Amino acid sequence: MNAAEFLEQVRQKQPLVHHLTNWVTIYDCAQVVKSFGASPVMAHATEEAADMASIASALVLNIGTLTTQFVASMKLAAASANRNGIPVVLDVCGAGATAMRDVKCIELLNETRIDIIKGNASEIARIAGESVNTKGVDAGVVEKNLCDLAQHLAASRKCTVVITGAEDIVSDGSRCLAIRNGHEMMSRVVGTGCMAASVIGTFAAVSKGDLVAAAASGLSCYEIAAELAVKRSDGPGTFKQALFDAINALDGAVVLDMQRITECAAITS
Amino acid sequence: MNAAEFLEQVRQKQPLVHHLTNWVTIYDCAQVVKSFGASPVMAHATEEAADMASIASALVLNIGTLTTQFVASMKLAAASANRNGIPVVLDVCGAGATAMRDVKCIELLNETRIDIIKGNASEIARIAGESVNTKGVDAGVVEKNLCDLAQHLAASRKCTVVITGAEDIVSDGSRCLAIRNGHEMMSRVVGTGCMAASVIGTFAAVSKGDLVAAAASGLSCYEIAAELAVKRSDGPGTFKQALFDAINALDGAVVLDMQRITECAAITS
Amino acid sequence: MNAAEFLEQVRQKQPLVHHLTNWVTIYDCAQVVKSFGASPVMAHATEEAADMASIASALVLNIGTLTTQFVASMKLAAASANRNGIPVVLDVCGAGATAMRDVKCIELLNETRIDIIKGNASEIARIAGESVNTKGVDAGVVEKNLCDLAQHLAASRKCTVVITGAEDIVSDGSRCLAIRNGHEMMSRVVGTGCMAASVIGTFAAVSKGDLVAAAASGLSCYEIAAELAVKRSDGPGTFKQALFDAINALDGAVVLDMQRITECAAITS
């Protein structure tokens, strides 16, 4: 795995990444994509969600501030993405917190092809059918091997699963990678999880079919930038701005040197 | 009054603070709550607003970019909060600017139990039935004793009233506190008023019933952080980021030393 | 042309600038207006969009995250602005990317009086009826003289046209100005285009009828601040915060010294 090669691809191809995301972190989702050198767009109207997806190279869905109508637009955008063969990322933000979130995630998973499901440990556990103790959109405690969780969900949904946390897990049901970059400061900033989904979408747009490598590379680059940004900031406010700076300036050689992506041992299920 | 004790409670209990707020400052409302160590969540769909309120420890409503449907969701969330006995803060953002804002505030006040009404001087005067000269969402001039205004509205609505400004006033109709922390720079930053409501909600979540002390403590902590942040910034842009840093790093001993909360003289009405 | 005089007018009169804008950059649109010393307000409900426009000094519309209902509110706000004689700016954000965007722009232009149409080169070309190759909300390549494009659209729509880019063009169909301030870093930050529309609205609010001078002055001040901000920042994150600081501190003498506004040679059409 060479995260720097993916980074270079993103910068060269500058893919258009379409979002139907939440209203809290929508700016940060756009800016993180832009900082990587790609081109973000957000369009949620029923009348244009599919059209915009048809000119994009990836689609990122996030249910953070969902409504029924908004999810209807997500389905139109995802169907368009599916027809056009571009990858679809679903951030199952807040799954487990309310019945509506669970229902709408399952609808999206059943009615469209989601290529990458992304969430924190308790969100992914919930999507996998576990009973979880959530706290809004922040992760609850999950007493389970996360590789196992990711692999089982990926295998049953025939997709790639990303579990974000202090250590990120990416699996397509057979391979499983762990990414150990990042910094605790990320958990003190609203939107770092949502931005991770946008980064995954951006790297998936240049994946040439290897979504596991793309997601792991994107997360590693993003979190290496976070490690660098912590050194140039004094807390969550200045950190987020330094993060955009660091992503914009991220050097391929530094990525190669700092990336901590490892294969997890196989788990027999 | 010991604002540092409330701060410690917030950090220990990390309450979930549910918001139905405006689209301009929604990120800052979330980040200010997070910076204090608590957990923000935003969910406005009719289908889940009540469910999310039922797992939260406080509810913050803000009419900054209201629609009729959005206020309908606010009512569902507030009714749920009322049933569950968690405090509800209403930021009457822009009251007096349009007829719709006045009507919707009164509906919320009449149809649900609002525990804390928060606004600037002209907004609170409007909610109290005065005829005011407003300018969008910025405060107009109010030729009236603000303690008197807060106390009368609090007594008539049987709630706590917070008037924000260079000096903040908090009253439940009998007691009246003045908070003299903060800095003029706050008025140059969009969202400092909305964030104040989120802070009040966060501190109300750990109030053990004393909403006047909680609101005053929250405002004092927030504004002490602002005083510290001004010293580490060059204008409204860097100030807001320094504010999140300062809140995150806020020290209890510093709060105790800097807090300026005083009882106002009784006003016979 | 003296951009510093317009700046001084904005600071003295502190106009209320009403927005119906997109959800991605709404905060930045508000903060840029506030940083200039004016007063932003955002209100999109059908029931109050016209009322809010009636107390404002300028109206800024931006279709970045449009819906049919949102555009309906825009029309009500614009009609109110037209009745009250205040200038209306339309940012044709993403025109050419989807059929819906084109249709809704034309509806707004045909059904209300838009005083200033603002977009990047490909967006303006699309509104002028050209077939363009767009990429979401980022500018595509336009093989055409931009003065000519602006002048023709301005003449046919009887309004002022602003084309933003490395060099900005402002024309009312007879005069044509070029503004050569700004910095490449602006293109790496989401929202710099949307903020430009808000700045144009803010300066139009104090224009006394000369919208070309107002728009050019506003753009020049905004972009001079950007030139100063680049020197105090390390990338797109810290740049945006430094930009708000620089606008807030912008000195009239510095503006006079740095402004690069020139008359374009007349183009016979």
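Me: Let's start with one contact. How many residues does the contact take from chain C and how many from chain B?

Reply: Chain C gives 27 residues and chain B gives 29. Keep in mind that this is a predicted model. Contact here means heavy atoms within 4.5 Å.

Me: How much area is buried between chain C and chain B, and which residues of chain C supply 25% of what that chain buries?

Reply: Chain C and chain B bury about 2300 Å² between them, with 55% of it on carbon and sulfur atoms. Tyr27(C), Lys34(C) and Asp245(C) supply 25% of the area that chain C buries against chain B, more than any other three residues.

Me: Why is the pair of Glu48(C) and Arg101(B) called a salt bridge?

Reply: The closest N and O atoms of Glu48(C) and Arg101(B) are 2.7 Å apart. The rule asks for a side-chain nitrogen of Lys or Arg within 4 Å of a carboxyl oxygen of Asp or Glu, so the pair qualifies. The count between chain C and chain B is two salt bridges, and there are also 13 residue pairs in polar contact, both partners at pLDDT 80 or more.

Me: What makes up the side of chain C that touches chain B, by element and by class?

Reply: The elements giving two or more residues are α2 (26-35), β2 (39-42), α3 (49-54) and α10 (236-248) of chain C. Of these, α2(C) gives the most, with six residues. Sorted by class, that side has 13 nonpolar, seven polar and seven charged residues.

Me: Now the other contact I picked. How many residues does it take from chain A and from chain C, and what area is buried there?

Reply: It takes 27 residues from chain A and 29 residues from chain C. The area buried between chain A and chain C is about 2400 Å², of which carbon and sulfur atoms give 56%. On the chain A side, Tyr27(A), Lys34(A) and Asp245(A) supply 25% of what chain A buries against chain C, more than any other three residues.

Me: How do you know that Asp234(C) and Arg232(A) form a salt bridge?

Reply: Their closest N and O atoms are 3.2 Å apart. The cut-off is 4 Å, so the pair of Asp234(C) and Arg232(A) passes. Across the interface of chain A and chain C the rule finds two salt bridges, and 14 residue pairs are in polar contact, both at pLDDT 80 or more. The largest share of the side of chain A that touches chain C, six residues, comes from α2(A).

Me: Why is the relation of chain C to chain B called a three-fold axis?

Reply: Chain C can be laid on chain B by a turn of 120° and a shift of 0.0 Å along the axis, with an RMSD of 0.0 Å. That is why the relation is that of a three-fold axis. Trp23(C) comes closest to the rotation axis among the residues of chain C, with its C-alpha at 3.9 Å.

Me: What makes you say that these copies meet through different surfaces?

Reply: Only 7% of the interface residues of chain C are also interface residues in chain B, so the copies meet through different surfaces.

Me: Why is the pair of Phe36(A) and Phe203(A) called edge-to-face?

Reply: The ring centres of Phe36(A) and Phe203(A) are 5.3 Å apart, with 85° between the planes. A pair needs centres within 6.5 Å and edge-to-face needs planes over 60 degrees apart, so both conditions hold. Phe36(A) lies in the loop between α2 and β2 of chain A and Phe203(A) in helix α8 (residues 192-204) of chain A, so the pair ties together parts that are 167 residues apart in sequence. Over all chains, the structure holds nine aromatic pairs.

How values were computed:
Residues are numbered from 1 along each chain as its sequence is written. Chains are lettered from A and ligands numbered from 1 in the order in which they are written. This is a predicted model: local features need pLDDT of at least 70, side-chain atom pairs count only at pLDDT 80 or more; totals for chains, interfaces and linings use all residues. Side-chain values use heavy atoms; hydrogens and water are left out. Buried area is the accessible area (1.4 Å probe) that two parts lose on being put together, summed over both. A polar contact is a pair of N or O atoms within 3.5 Å; within protein, one must be able to donate a hydrogen and the other to accept it, and residues adjacent in sequence count only if both atoms are side-chain atoms. Helices (H or I, at least four residues) and strands (E, at least two) are DSSP runs, numbered from the N terminus. Copies are superposed by least squares on the C-alpha atoms of residues with pLDDT of at least 70 in both. Rings of Phe, Tyr and Trp (its six-membered ring) pair if their centres lie within 6.5 Å; planes under 30 degrees apart count as stacked, over 60 as edge-to-face and the rest as tilted. Ala, Val, Leu, Ile, Met, Phe, Trp, Tyr, Cys and Pro count as nonpolar, Asp, Glu, Lys and Arg as charged, and the others, Gly among them, as polar.
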